[in-house]
Amino acid sequence: MIGIILYGAGNIFSLTAALERLGIPYGFINSEEDFDKYDRYIIPGVGHAGAAMNKLKATGLVPAIKALKKPTLGICVGMQLLTSHSEEGDSNLLDIIPVKTLRFKDSADHKVPHTGWNRVFPEKENPLFENIPSGSHFYFVHSYFIEYDKAYTLLAADYGNQFSASIWLDNFYGVQFHPEKSGVFGETLLTNFSKI
Amino acid sequence: MLAKRIIPCLDVKDGRTVKGVNFVDLRDAGDPVELAWNYSNQGADELVFLDITATVERRKTMVELVKSVARQINIPFTIGGGINEIADADALLNAGADKISINSAAVRNPKLIDELAAAFGVQFVVIAVDTRSIGDKNVVHLNGGRLPTERQTLEWILEAESRGAGEILLTSMDHDGTKGGFDNGLLKTVNDAVHIPVIASGGAGKVEHFVDVFEKTNVDAALAASVFHYGEILIPDLKRTLQGNKIEVRI
């Protein structure tokens with residue numbers, strides 16, 4: 001069962017609706033004791049990464065999150081929280097995966113926020129991406145991106161520059177796009193995560 | 001590269017779609033959720049719901065609609081119609097809406113854009129602009145194009161962008177309903193002037209109009225209602241044609 005970490009950063013109605021449609025059981029994590037009830041976790045998040053980090057700190061859950069050994073998926077800003085630092089508000093983050101979150105440079109061809117469906121390409125074999133063809137489209141909405149890094153990038157995408165659409169280290173996974181809004185392949189990804 | 005988006009628009013009143021819909025395989029053509037589900041299965045990239053409910057219960061009706069859509073549909077959607085204050089937007093966001101679209105309320109109170117962007121982020125705020133030409137000027141209109149304002153279209157759009165609009169939904173009332181093609185001249189001017197995504201609306205009649213609008217203006221998305229509702233254009237056919245014209249789409 002998936003435990004969704006609640007810390008007040010954005011609404012999760014669409015995420016829980018997707019899990020319900022897919023028949024994936026879930027519950028919520030409000031305190032440290034809740035972690036034991038679940039065998040995997042989702043860190044959701046939208047909005048400002050620095051603000052999200054401050055809210056997460058206020059819950060007191062940060063040490064427990066950093067010590068997690070079970071599969072953990074950060075979505076959108078929830079993924080950015082896994083990185084060491086974001087240019088958004090010059091914020092230090094969880095530093096679970098040693099990469100940086102940077103701002104897109106906007107230009108006529110690359111408007112910011114990066115909004116819409118873009119293709120992602122696996123850099124590594126991973127069960128998270130099982131049954132999803134390379135080059136599939138996922139739905140993105142973000143102004144900040146995680147730098148491409150050969151060691152940690154699981155899925156690469158391109159928007160003016162190459163960036164990490166997904167990162168991975170040990171039991172920690174992150175996806176920049178919204179699987180709950182990414183059609184059938186997004187649902188496949190959530191199902192894959194529920195089985196990792 | 002980002003895919004160009006194809007967006008069906010559904011008009012909803014009291015929880016039911018209002019414009020005639022002619023899908024043979026729908027059990028209930030008046031059910032916006034079933035219609036939305038059908039569109040997402042056909043390959044629509046996003047949906048826009050325009051709620052024209054005029055009763056005092058409107059916020060509650062809209063929230064119920066948004067919740068049912070979010071429960072069933074796996075693509076992003078925007079809800080618009082009579083959103084006047086932060087509390088309206090907050091309720092819709094929490095019900096699962098990805099974006100809200102503001103039209104008249106933003107023209108009457110431009111600060112609303114700043115407030116919404118600060119509260120929810122620019123990606124949540126779509127500014128819908130209905131434009132009609134008067135003489136040689138493009139003028140912002142309200143009330144479905146019936147009421148001219150003193151605002152010129154490009155100037156208003158630039159102000160909206162600077163205040164925190166995350167996207168512009170530009171409907172040409174001169175082209176709307178004509179099925180003669182999008183207003184590519186104005187759309188190109190606007191698209192070249194802003195740094196936020198632009199959705200073209202008004203005038204779609206055939207597949208070639210979508211090819212034209214993407215090739216000539218480079219807008220990010222194209223929206224239409226009746227050509228989709230009446231099955232005159234099928235989204236899979238449309239996307240194959242776009243792809244055949246080397247326009248990046250999600251198939």
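**View 1. Confidence of the predicted complex.** Chain B has a mean pLDDT of 91, and 95% of its residues reach 70 or more; pLDDT is the predictor's confidence in each residue, from 0 to 100. For the complex, the predictor gives an ipTM of 0.90 and a pTM of 0.93. This is a predicted model, in which local features need pLDDT of at least 70 and side-chain atom pairs count only at pLDDT 80 or more, whereas totals for chains, interfaces and linings use all residues. Residues are numbered from 1 along each chain as its sequence is written, chains are lettered from A and ligands numbered from 1 in the order in which they are written, and side-chain values use heavy atoms, with hydrogens and water left out.

**View 2. The interface between chain A and chain B.** On the side of chain A, 27 residues are in contact with 34 residues of chain B, contact meaning heavy atoms within 4.5 Å. The two chains bury about 2,400 Å² between them, 54% of it on carbon and sulfur atoms; buried area is the accessible area (1.4 Å probe) that two parts lose on being put together, summed over both. Within chain A, the residues losing the most area to chain B are A:F13, A:K111 and A:W117, which together account for 30% of what that side buries.

**View 3. Polar contacts and the elements of chain A that touch chain B.** Across the interface, 15 residue pairs are in polar contact, both residues being at pLDDT 80 or more. A polar contact is a pair of N or O atoms within 3.5 Å; within protein, one must be able to donate a hydrogen and the other to accept it, and residues adjacent in sequence count only if both atoms are side-chain atoms. At least two residues of the touching side of chain A come from each of α1 (13-22), β8 (114-119), β10 (137-142), β12 (153-159) and α5 (183-195). Helices (H or I, at least four residues) and strands (E, at least two) are DSSP runs, numbered from the N terminus. Strand β8(A) gives the most to this side, with 6 residues.

**View 4. A salt bridge between the chains.** The side chains of B:E248 and A:R119 meet in a salt bridge (2.8 Å, N to O). B:E248 lies in the segment after α10 (235-244) of chain B and A:R119 in strand β8 of chain A, so the pair joins two chains. A salt bridge is a side-chain nitrogen of Lys or Arg within 4 Å of a carboxyl oxygen of Asp or Glu.

**View 5. The annotated active site of chain A.** An unreviewed UniProt entry annotates A:C76, A:H178 and A:E180 as "active site". Although spread over 105 residues of sequence, these residues cluster in space, with a largest C-alpha distance of 11.1 Å. UniProt positions are given in the numbering used here, feature names are shortened, and annotations may be inferred rather than shown by experiment. A:C76 lies in the loop between β4 (72-75) and α4 (77-80) of chain A.

**View 6. Backbone features in two loops of chain A.** The peptide bond from A:V112 to A:P113 is cis, with omega near 5°, and A:P113 is found in the loop between β7 (100-103) and β8. A:D95, in the loop between β6 (91-92) and β7, has a positive phi of about 60° although it is not a glycine.
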